[in-house]
Amino acid sequence: MADKEIAVSVRDIHKEFVLPQSKNSTFKQTVVNIVKKNNKVTQKTLDGVSFDIHKGDFFGIVGRNGSGKSTLLKLIAGVYTPTAGSIEVRGGLTPFIELGVGFNPELSGRDNVYLNGALLGFTRKQMDEMYSEIVAFAELEPFMDQKLKNYSSGMQVRLAFSIAIKAKNDVLIFDEVLAVGDEAFQRKCLNVFERYKAEGQTVILVTHDMQTVKNFCTRAVLIQDGAVIENGDPIKVADKYSAANQDVIDQDLEIANHKEGAVGVLATNELGEKTNSFTVGEKVTLEINWDSNDTRVIMVDLYKNSGELITNFISKREGMETLPIGKKVKLDIQAMVTPGSYHIDVSLWDADMKQRESVDYGVYSFMVTNDFSRAASSFGGLTFLKSTWRS
Amino acid sequence: MRYMTTKNRAILREMVVTDFKVRYQGSILGYLWSLLKPLFLFAILYVVFTYIIPLGKDIQHYPVYLLTGIVLWNFFTEATMQGASSVVARGDLIRKVSIPRYLVVIASTLSALINLGLSLVVVIIFALFNGVMPSFEWLMMIPIVLELILLAMGISFLLSAMYVKFRDITYIWEIFLQAGFYATPIIYPLTKVPEQFHKWFFINPMAQIIQDARYAMVTNTTTTLWTSVHSWMVIAAPFVIVVAVFIVGALYFKQHSAYFAEDI
């Protein structure tokens, strides 16, 4: 493995930006700055980043927002010029870091395919040959003569992605493609990734989805504050990234749970970690505490953020006749719901549920994300209902 | 280093075509406006300068003479103004794709060139109506227009790279163009200017280009650099300026283009 051919070599890259407030955008400012001999205010975005990407690597770059990974990608793609250091790319590289670059809303879908194709390095003749394949993959045959501005955002993304995957080059770059598009589109992306991996295509992928990193990447780096803090094993990188995020979530949760109010909610996953992100089918444990001495029944309404009430949970109905004296209960829920954002309302009631003491709307929100490694990939609809098959 | 690879040509073509398609988006007459605009401009100028202010009554085919000047000057204005803002206007591409940056400037010059071509078609139609005889001298327009393109592109390279950081540059250039319009013999014939000043007029490459074009297209009685100036130094001046402007513009552009993506 060690003597594999190097495709991209990043050597001690530094990148500094001149901050906008000190940029000379008018002559007056320029004159003022020259007279005052203002020192430029710069921001170090990357501070000595080095790594190699080998041929056939499925290379993940992960990091929190603002860590410098997009800057790094733009440097590799040749959009930015490094302040110091060198980047060597052997072979051709797709020069784009975003889908649908140059898309013009006033042009038809067809014209946009040719425009985008040219920017990705295709001649008109090559585009003619690939055109029908691109349109078929995007499933947009009836819409190609309509203006792009009349496309839904999903259709635009599909079209852009269909062109992008045609861009066969020695090194491909994908920035957050999974963050856009619906589930079917995401699965399509993942299928394409599978194929790339099987073909030994060199791919650089920036994503926040650690499951993808673990499943696909052969190598990965974790960027934090402009430096590489973990390089190599994608599992280690993904776990370290999750752990770094966990710290931030914990801080937020602590702040949220210390707020004064009738109800407090603390959620943990199967491993007992505090979080607000779960995968489909994972067990969510809600620890609910309250202040009032008169509460006899607790009701939890589970809403999808789009507005639908998914279901409710009532302590008395589910068999808890009396609430514990400690004014604290735990509710286990199997997150058998479609991926998306959810929140819960918690309300406190008297014994026969005639009088509602108080209700805390949106007291806790969480995300359910897809986990392609589980049975969830066959998921359809809002939730699973208990059912039995009989002959 | 190869500048015009097939890939770059494909990008240029798409950018120019897009520009042209989007320009008349939503108008009923569409592309026809590319012809109608110069046509109406000519009609207005014709009325003004033959009936109201007959500046060129001594000049043969003065309306065509005037139109030739206007058309070339309009190209110069359009190409340099659009060129100056081209890099910033295509900021979305520059920030996201590493296509060669000079393509953006060349595309804007080519867009203006399409309009020049259409306007010249109208000028030729006007010329024939006005009784100008077609001749092989019309072919002289090819090197003349090439010189004009070189000049416009050189200025566009310089201004577009400066515009990324100094947004005042287009305003300054606009004023410069206003002054240039009167410093160049466009609406008045050079014969109205005392002969000893001609050499100062001809240092301006636009004066040399327009007068040469008139000589080629309209009438051999046009005062040109070649007929009115006798010092070789002065004759060389407009050409040296065109080449120098192009080299300076291209070098300045090349030096700054690496940082366009972050400076826009």
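Biologist: Which residue is the bridge partner of A:Phe59 in strand 6 of chain A?

Modeller: This is a predicted model, where local features need pLDDT of at least 70, side-chain atom pairs count only at pLDDT 80 or more, and totals for chains, interfaces and linings use all residues. Residues are numbered from 1 along each chain as its sequence is written, with chains lettered from A and ligands numbered from 1 in the order in which they are written. Strand 3 (residues 58-62) and strand 6 (residues 202-206) of chain A run parallel, joined by four bridges. There, A:Phe59 has as its partner A:Ile204.

Biologist: Which strands of chain A stand at the edges of the sheet?

Modeller: Strands (E, at least two residues) and helices (H or I, at least four) are DSSP runs, numbered from the N terminus. Two strands pair if DSSP finds at least two bridges between them. The open sheet of chain A has five strands in the order 5-6-3-7-8, with mixed pairing. Each edge strand has a single partner, so one side of it is left without a neighbour in the sheet: these are strand 5 (171-175) and strand 8 (227-232) of chain A.

Biologist: At what angle do helix 3 and helix 5 of chain B cross?

Modeller: Axes are lines fitted to C-alpha atoms, for helices over the stretch in contact, and angles run from 0 to 180 degrees between N-to-C directions. Angles under 35 degrees count as roughly parallel, over 145 as roughly antiparallel, 65 to 115 as roughly perpendicular and the rest as oblique. Helix 3 and helix 5 of chain B are therefore roughly antiparallel. The axes of helix 3 (residues 62-89) and helix 5 (residues 102-129) of chain B come within 8 Å and cross at roughly 165°.

Biologist: Are helix 2 and helix 5 of chain B parallel or oblique to each other?

Modeller: The axes of helix 2 (residues 32-52) and helix 5 of chain B come within 9 Å and cross at roughly 50°. Helix 2 and helix 5 of chain B are therefore oblique.

Biologist: Which helix of chain B supplies the largest share of the side that touches chain A?

Modeller: Residues are in contact if their C-beta atoms, placed from the backbone, lie within 7 Å. The contact takes 24 residues from chain B and 29 residues from chain A. On the side of chain B, helix 1 (6-23), helix 4 (91-96) and helix 12 (260-263) each supply at least two residues. The largest share, nine residues, comes from helix 1 of chain B.

Note on methods
Contact = placed C-beta atoms within 7 Å.
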